[in-house]
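Please read them with the coordinates open.

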Amino acid sequence: MPKTTSPAPDLALLARAAKSAAAKAYAPYSEFRVGAAIWTDRGLFTGANVENASYGLSNCAERTAIFAAVAAGARKLECVVVYTPTPGPTAPCGACRQVIFEFGPEARVVSCCAGKARIDTRIDALLPGAFGPADLG
Ligand code: THU
């Protein structure tokens, strides 16, 4: 895997990877199985939502993927693709937006779903005026 730079992400591949990742979700409480595929300076990582009997400790698919990537040495996030098993696409939750911003303040964020529609946007549109690393001085 490349250490610093990566080729442009293949959106179709990321969308397939996000959908496959949803099959690994641990979601016995919501039964809402979500997958994410991200493109970073260390290449492709995937994640699924991981719930907990103490519901508030549940982790979204997007953050699972980002934390796995960062733990593997990635520091730059170029693109996040999330798959939800819904007729229409859904955007990442507020917590995930903040975590996406930390590593990819200009990241592309694509939401895909069981239907054909997609949301294709950027984190600065989803989280305008974000608080980030630069604000700590
Ligand atoms: N969830 C995600 O993993 N990502 C999203 O973008 C939306 C919500 C998860 C959290 C929880 O496990 C379940 O979906 C229901 O909210």
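1. Which residues of H2 are buried? The structure is a predicted model, and in it the buried residues of H2 are Ala 61, Glu 62, Arg 63, Ala 65, Ile 66 and Ala 69. The list includes Glu 62 and Arg 63, and both of these come up again in point 7.

2. Helix H2 covers residues 61-71 and packs on the sheet, where it touches S1, S2 and S3. The direction of H2 makes about 135° with that of S2. The buried residues of H2 pack against S1, S2 and S3, and also against helix H3 (94-103). After H2 comes Gly 73, which has a positive phi, near 110°.

3. The sheet is open and has five strands in the order S2-S1-S3-S4-S5, with mixed pairing. S2 and strand S5 (119-122) each have a single partner strand and stand at the edges, so one side of each has no neighbour in the sheet. From one strand to the next, the twist averages 15°.

4. S1 and S2 make a hairpin, with two residues between them. The two strands run antiparallel and are joined by six bridges. Within this pair, Ala 37 stands opposite Thr 46 in S2. When checking side-chain directions here, recall that in a regular strand the side chains alternate between the two faces of the sheet.

5. Helix H1 (residues 11-22) has 12 residues and spans 17 Å from its first C-alpha to its last, close to the expected 16 Å. Buried in H1 are Leu 11, Leu 14, Ala 15, Ala 17, Ala 18, Ala 21 and Ala 22. These residues lie on the same side of H1, because they cover an arc of only 165° around the axis. Arg 16 and Lys 19, on the other side of H1, are exposed. At the N-terminal end, H1 is capped by Asp 10, with a side-chain oxygen 3.1 Å from the backbone nitrogen of Ala 12.

6. Asn 49 deserves a look. This residue is in the loop between S2 and H2. Is Asn 49 buried or exposed? With a relative accessible area of 6%, Asn 49 is buried, because buried means under 20%. A polar atom of the Asn 49 side chain lies 3.0 Å from the backbone nitrogen of Val 34. Leaving aside neighbours within four places in sequence, the contacts of Asn 49 are Ala 25, Tyr 26, Ala 27, Phe 32, Arg 33, Val 34, Asn 59, Cys 60 and Ala 61. One of these, Ala 61, is also among the buried residues of H2.

7. Cys 96 is the last item. This residue lies in helix H3 and counts as buried, at 0% relative accessibility. Which residues does Cys 96 touch, not counting those up to four places away in sequence? They are Cys 60, Glu 62 and Arg 63. The C-alpha atoms of Cys 96 and Glu 62 are separated by 6.4 Å, although the two residues are 34 residues apart along the chain. Glu 62 and Arg 63 are buried residues of H2, and H3 is among the elements that the buried residues of H2 pack against.

Technical notes:
Residues are numbered from 1 along each chain as its sequence is written. This is a predicted model: local features need pLDDT of at least 70, side-chain atom pairs count only at pLDDT 80 or more; totals for chains, interfaces and linings use all residues. Side-chain values use heavy atoms; hydrogens and water are left out. Helices (H or I, at least four residues) and strands (E, at least two) are DSSP runs, numbered from the N terminus. The expected span of a helix is 1.5 Å times one less than its number of residues. Buried means under 20% relative accessible area, exposed over 50%, partly exposed in between (1.4 Å probe, protein chains only). The arc is that of the directions from the helix axis to the C-beta atoms. A polar contact is a pair of N or O atoms within 3.5 Å; within protein, one must be able to donate a hydrogen and the other to accept it, and residues adjacent in sequence count only if both atoms are side-chain atoms. Two strands pair if DSSP finds at least two bridges between them. Axes are lines fitted to C-alpha atoms, for helices over the stretch in contact, and angles run from 0 to 180 degrees between N-to-C directions. Contact means heavy atoms within 4.5 Å.
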